[in-house]
Amino acid sequence: MHHPLTRTVRRVAAHGPVVLVGASLGGTAVSVAGNEVPELIDRLVYLSAWACVTRANPLEYFGEPEFADNLLGPLAALNVGDPAVLGAGRANYRTADPELLAGLKAALMAEATDEQFMAFLNILQPDESLAVMNGDARVEADTWGTVPRCYIRLTEDRSIPIAMQDRLIAEGDALTPDNPYEVRTLDASHAGFVFRAAEVAAMLVESASR
């Protein structure tokens with residue numbers, strides 16, 4: 001059974017070029033699509049996103065030294081409910097705990113104002129799929145590896161630290177040295193890039209036109 005994104009790619013490809021952009025966990029979805037239908041995808045773009053190569057999924061990378069500088073780990077108190085029962089990891093983004101909110105802001109969007117950060121939290125849904133976190137999203141050299149790809153590094157990211165982003169890039173390049181990432185860099189946090197929309201859009205347009 002194909003990934004839902006793959007079904008969307010099949011429909012969209014009939015109308016023109018397809019560029020898939022994944023941020024954060026969204027990287028696993030675009031990776032799987034790249035594995036399944038590389039012939040329908042013109043470019044893959046990772047925006048400080050998980051592009052798993054030597055480990056199957058983000059959870060397996062969490063214990064690696066490049067992940068040590070992340071600031072999400074100490075925020076376990078945000079989690080509510082039993083994931084085994086819910087089928088998802090659930091976070092209480094509506095908490096009024098000032099310490100948790102300050103920690104979450106530092107991890108996700110340190111450069112934003114408190115008002116911007118609270119507005120951002122207001123659009124988040126609380127659940128993360130266990131299938132996404134635990135599934136096998138490793139990229140494949142003979143499929144995914146044939147698609148041109150770009151990685152936009154976010155240097156101030158404290159959710160996927162820059163050291164981990166660089167490891168993912170290096171692993172992908174080692175897997176397919178004849179088709180390395182086009183690498184771009186933005187001095188933004190994990191989610192702070194949303195306030196730099198014009199710059200990000202310019203990077204995407206320029207990358208897609210290559």
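Contact here means heavy atoms within 4.5 Å. Among contacts in the protein between residues at least 6 apart in sequence, 72% join residues at least 24 apart. This is a predicted model, in which local features need pLDDT of at least 70 and side-chain atom pairs count only at pLDDT 80 or more, while totals for chains, interfaces and linings use all residues. Residues are numbered from 1 along each chain as its sequence is written, and side-chain values use heavy atoms, with hydrogens and water left out.

**Overall build**

- The secondary structure comes to nine helices and seven strands; helices (H or I, at least four residues) and strands (E, at least two) are DSSP runs, numbered from the N terminus.
- The protein has a radius of gyration of 17 Å, close to the 17 Å that the globule rule gives for 210 residues, so it is as compact as a globular protein of that length. The radius is taken over C-alpha atoms, and the globule rule is 2.2 Å times the number of residues to the power 0.38.
- Along the principal axes of the protein, the C-alpha trace spans about 50 × 40 × 35 Å.
- The accessible surface is about 10300 Å², and 57% of it belongs to carbon and sulfur atoms. Areas come from the Shrake-Rupley method with a 1.4 Å probe; for residues, only the protein chains shown count as cover.
- Of the 210 residues, 44% are buried, where buried means under 20% relative accessible area, exposed over 50%, and partly exposed in between (1.4 Å probe, protein chains only).

**Strand β2 and its partners**

- Seven of the seven residues of β2 are buried.
- Strand β1 (residues 19-24) runs parallel to β2 and is joined to it by six bridges; two strands pair if DSSP finds at least two bridges between them. V21 has V45 in β2 as its bridge partner.
- From β1 the chain crosses through α2 to β2, in a right-handed β-α-β crossover. Right-handed means that, with the strands pointing away from the viewer, the path from the first strand over the helix to the second runs clockwise.
- β2 is also parallel to strand β6 (residues 149-154), with four bridges between them. The partner of L44 in β6 is R149.

**The antiparallel sheet**

- Three strands form an open antiparallel sheet in the order β3-β4-β5. Its edge strands, β3 (79-80) and β5 (127-129), each pair on one side only.
- Two bridges join β3 to strand β4 (residues 88-91), and V80 stands opposite R90 in β4.

**Nonpolar cores**

- The largest nonpolar core has 27 residues, and L20, I41, L44, Y46 and W50 have the most contacts inside it. Such a core is a set of buried Ala, Val, Leu, Ile, Met, Phe, Trp, Tyr and Cys residues joined through side-chain atoms within 4.5 Å.
- The elements giving two or more residues to this core are α2 (26-36), β2 (43-49) and α8 (162-175).
- Apart from it lies another core of 15 residues, including L75, M109, F117 and F120.
- Beyond four places in sequence, the contacts of L44 include L20, V30, W144 and V147.

- S207 is found in helix α9 (residues 197-208) and is buried, with a relative accessible area of 1%. Sequence neighbours within four places aside, S207 contacts R43, C150, E182 and R184.
- H190 is in the loop between β7 (182-186) and α9 and counts as buried at 11% relative accessibility.
- Not counting residues up to four places away in sequence, H190 touches S24, S48, A107, L108, L154, D157, S159 and I160.
- H190 and D69 are 121 residues apart in sequence and 13 Å apart in space, C-alpha to C-alpha.
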